[in-house]
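Please walk through this protein chain one part at a time, with the sequence and the 3D view side by side. The text starts from a single residue and ends with the chain as a whole.

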Amino acid sequence: MPKGIYECIDCGHREALDSSEPLIENACPKCGGDMLLVGFQEDKEGVPFGVQIERPILPEDLEAKLKTFYELELKGVEGSVFVFEVREIHEDNFERVLRELEEFGYWGALKKREGKVILFVFPAQEVKENNKRLPWIFLIATIFTTLLAGYYLSTGYIATLDYYNLPGIRNPYIHAVAFSISVMAILGTHELGHKIAAAYHGVRATMPYFIPFPSMLGTLGAVIRVKSPLPTRDAAIDLGVSGPIAGFLVAIPVSIIGLRLSIPIPADQIPSMEGGIAFGENIIFTLLEKYVVTFPDNTVVFLHPVAIAGWVGILVTFLNLIPAAQLDGGHIARAFLNERTHRYLTMGTGIMLIAMSYFWVGWLIWGMLILLMGSIGNPGALDEVTPISKKRLVLAAIAVIIFLVSATPRPLWVTG
């Protein structure tokens, strides 16, 4: 079988791959950009590297449609990809352009190259159907593991009530259910925000996948898989901010309710706490403890399981807004940065987090994970020409503020 000759849209890197797909996303080994099929190389010696495939013909009705959107000139055909130079843009809404191209079975990408606006038109890739059962299986499993985690946390909370002979509910199952509902509500709302934003912009995405994990929290969070390209930089920002903002808005009232149920104990009445778990402070939790749920001075607060759920929700918001790789913050940053600058930002962030493992060992894992994800790159939006709207600039600023107030440099540590 002949190998396909692919060229990166972003950096121009060319190599032969065992594929005949017209476009391979995020496949460039140098910059992580999309690789376009521009020719074939026979899998034997003596055949030149640049043997070109038969030049396809652009459907006449598709060409007529393109001319209603742009004043353009065909500059060449690379494999199955038609390359146009755009002289004038008549339609600013690239999402509309993309929707109408899909009716012909094509996608498009609007890029800037050497001061010129270039439109790439290529056959749309098939989007596979979602597995409808798997998200429900993961959801049920995560409810079970978060109930177990809530029960474990409840035993510590009830033991504190008993030790200090304080009034309160001593049924661990009630606290376990409250913890599970709180965690699932925060994570579910976060992913639902992404899902709604994806649907609004016509981006195909899976249902949320909750990740069960037998730990103190019972879960590693939740994710959705985006299965089609982001059309515009506005869409990238919307998908990036929607989850953190939605989850954050739920985490705040959950934290307030949990703090009201928590137990403040005078510091001088607390025995040695070797082996206990301490939760790190962030600006938003500090403000809630100082101005919303006030505690006496010189007290240590034993968090109710619901308060721990709220704290986790704020931490998850912070982690997702780290401006690197394919994290939510990474998509927001990519909307403002080119591929190379974004890659440097990702690498720098990963290295910085590894250095921060001096304060919390978990940063070592996060730093290595970001470096691994960064090696794949972030292709960004299909349309990198249309300016970012003012509303999205405001949303990006809100995301930065949430990132700062939820930042927790040292999330957890063992006392003693």
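I365 is exposed in this predicted model, with a relative accessible area of 59%. The cut-off for calling a residue exposed is over 50%, so I365 counts as exposed. This isoleucine belongs to helix α10, which covers residues 362–376. Along the sequence, I365 and L353 are 12 residues apart. In space, the distance between I365 and L353 is 8.7 Å, taken from C-alpha to C-alpha.

E114 has a phi of about 55 degrees and is not a glycine. The loop between β7 (106–113) and β8 (116–123) holds E114. Is E114 buried or exposed? E114 is exposed, and its relative accessible area is 83%. A325 is also not a glycine, and its phi is near 50 degrees, again a positive value. A325 sits in the loop between α7 and α8. With a relative accessible area of 2%, A325 is buried. The limit for buried is under 20%, so the value of 2% places A325 in that class.

Helix α8 takes up residues 328–336 and is mostly covered, with seven of its nine residues buried. Those buried residues are D328, G329, G330, I332, A333, R334 and A335. What do the buried residues of α8 pack against? Their partners are α4 (172–200), α5, α7, α9 (339–355) and α11.

Helix α6, residues 283–292, has the buried residues I284, F285, L288 and E289. Seen down the axis of α6, these buried residues fall within an arc of 135 degrees, so they line one face of the helix. An α-helix has 3.6 residues a turn, so residues three or four places apart point the same way. On the other side of α6, K290 and Y291 are exposed. The buried residues of α6 pack against α5 (233–261), α7 (305–320) and α11 (390–406).

Strand β9 (residues 209–212) pairs with strand β10 (residues 219–223) in the antiparallel sense, over three bridges. Within this pairing, P212 of the chain stands opposite T219 in β10. Six residues lie between β9 and β10 in the hairpin.

Now consider the empty space inside. Rolling a probe the size of a water molecule over the atoms shows where empty space is left. How many cavities of 30 Å³ or more are there? The count comes to one. About 40 Å³ of space lies in the largest cavity. Its lining consists of I9, D10, D34, K111 and P379. By type, the lining of the largest cavity has two nonpolar residues, no polar ones and three charged ones.

Last, the chain as a whole. The secondary structure comes to 11 helices and 14 strands. Taken along the principal axes, the C-alpha atoms fill a box of roughly 85 × 45 × 40 Å. Of the 416 residues in the protein chain, 47% are buried. Among contacts between residues at least 6 apart in sequence, 67% join residues at least 24 apart.

Terms used. Residues are numbered from 1 along each chain as its sequence is written. This is a predicted model: local features need pLDDT of at least 70, side-chain atom pairs count only at pLDDT 80 or more; totals for chains, interfaces and linings use all residues. Side-chain values use heavy atoms; hydrogens and water are left out. Buried means under 20% relative accessible area, exposed over 50%, partly exposed in between (1.4 Å probe, protein chains only). Helices (H or I, at least four residues) and strands (E, at least two) are DSSP runs, numbered from the N terminus. The arc is that of the directions from the helix axis to the C-beta atoms. Contact means heavy atoms within 4.5 Å. On a 1 Å grid over the protein atoms alone, a cavity is a set of points where a 1.4 Å probe fits but cannot get out, and a pocket is an open set with protein on both sides within 12 Å along at least five of seven lines; lining residues have an atom within 4 Å of a point. Grid points are joined across faces, edges and corners, and a volume is the space filled by probe spheres set on the points. Ala, Val, Leu, Ile, Met, Phe, Trp, Tyr, Cys and Pro count as nonpolar, Asp, Glu, Lys and Arg as charged, and the others, Gly among them, as polar. Two strands pair if DSSP finds at least two bridges between them.
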